[in-house]
Amino acid sequence: MYGYYNIPFGLEESGVSLSLEKDGENFIYQSVSGGARVDKIVLARTGHVLINPIEPMHKPTELTSFLLVELDKTLLVEPAQTKEIFLTYPIEIGVFISSGTVVEVLDIFTLARQKFTLYGDPRNGVICKYWSSNVYSSLPAVDPLCEGVIELSITNTTREWVKVTKAVFNAYGMKMYYNDARVAMKATMKIMHGKIAETDFVDAPVEQGMKKSMELYTAKKLTVTSTKFLMGWGL
């Protein structure tokens, strides 16, 4: 499904139907996914459509830009060491239309389940998109229309063993890549104290030949001041 299409176009895959068909001098866009339907009229002469995975922060509503991934097993990280693990995360799918170099968001949908949670205490904590993931030692095979994979490099800078049960990320910093088989990105967690860590993303693919996703905040021309997240309410 991911990639560029010349309009008009139409496709059906994994229960998703997308089309942008000529209607007189204009185009009619229709999408059907997960029981939801979107219809739009596009006043354009020609153009291209790009479909790629985007940050999971828009569905069912733009409530937060933070993603909390809860691990199915507690990690015990050795002092002064760096280790890599793999986690899964939910993805959303963006449909972009372009005319020349100007890009606009045409549609956003997701096939992943939606759930929110609170990280921190009720007075000062932050609302996060919630996801539960198994912990893998190598790249897992997942459905690239529903889930992506995070290659997480964990560095314990302390002199003590540290337990890690979750990872919280600022989704604005995601650098997602994709190919026909998977969606993936690289991230880091720097443990600075037994209960404090900083997460960030690395702008590099996990495999050679993967294409970089268009970041939604770039398409929306939003200014992002920080891509990091300080986990100050426990690991």
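# Briefing: packing, surface and side-chain pairs

Leu 118 lies in strand S11, which spans residues 116-119; strands (E, at least two residues) and helices (H or I, at least four) are DSSP runs numbered from the N terminus. The model is predicted, so local features need pLDDT of at least 70 and side-chain atom pairs count only at pLDDT 80 or more, whereas totals for chains, interfaces and linings use all residues. Residues are numbered from 1 along each chain as its sequence is written, and side-chain values use heavy atoms, with hydrogens and water left out.

**Surface patch**

- Leu 118 is partly exposed, its relative accessible area being 39% (buried is under 20%, exposed over 50%, partly exposed in between, with a 1.4 Å probe and protein chains only).
- Together with Leu 63 and Ile 127, Leu 118 makes a nonpolar surface patch of about 250 Å².
- Patches consist of residues with over 30% relative accessible area and no salt bridge, like charges being joined within 9 Å and nonpolar side chains (Val, Leu, Ile, Met, Phe, Trp, Tyr) within 5 Å; areas follow the Shrake-Rupley method with a 1.4 Å probe, and for residues only the protein chains shown count as cover.

**Aromatic pairs**

- The count comes to six aromatic pairs, where rings of Phe, Tyr and Trp (its six-membered ring) pair if their centres lie within 6.5 Å, with planes under 30 degrees apart stacked, over 60 edge-to-face and the rest tilted.
- Tyr 119 and Trp 233 form an edge-to-face pair, at 5.6 Å centre to centre and 80° between the planes.
- This pair links distant parts of the chain, 114 residues apart: Tyr 119 is in strand S11, and Trp 233 is in the segment after strand S19 (229-231).
- Tyr 119 is buried at 2% relative accessible area, while Trp 233 is partly exposed at 38%.
- Phe 66, Tyr 119, Phe 229 and Trp 233 are linked into a cluster by ring pairs.

**Nonpolar cores**

- The largest nonpolar core has 65 residues, and Leu 18, Leu 20, Ile 51, Leu 152, Val 164, Met 189 and Ile 191 have the most contacts inside it; a core is a set of buried Ala, Val, Leu, Ile, Met, Phe, Trp, Tyr and Cys residues joined through side-chain atoms within 4.5 Å.
- Strand S7 (residues 66-77) gives the most to this core, with six residues.
- Another core, of seven residues, lies apart from it and includes Phe 86, Tyr 177, Val 206 and Met 210.
- Leu 67 has its place in strand S7 and is buried at 0% relative accessibility.
- Beyond four places in sequence, residues touched by Leu 67 include Pro 56, Trp 131, Phe 169 and Met 174 (contact means heavy atoms within 4.5 Å).

**Salt bridges**

- Eight salt bridges are found in a search of the whole structure, each being a side-chain nitrogen of Lys or Arg within 4 Å of a carboxyl oxygen of Asp or Glu.
- Arg 182 and Glu 207 meet in a salt bridge at 3.0 Å, N to O.
- This pair links distant parts of the chain, 25 residues apart: Arg 182 is in the loop between strands S15 (177-178) and S16 (183-193), and Glu 207 is in the loop between strands S17 (196-202) and S18 (211-212).
- Arg 182 counts as buried at 15% relative accessibility, and Glu 207 as partly exposed at 26%.
- Lys 212 and Glu 215 form a salt bridge at 3.7 Å, N to O.
- Salt bridges with shared partners join Lys 175, Asp 203, Lys 212 and Glu 215 into one network.
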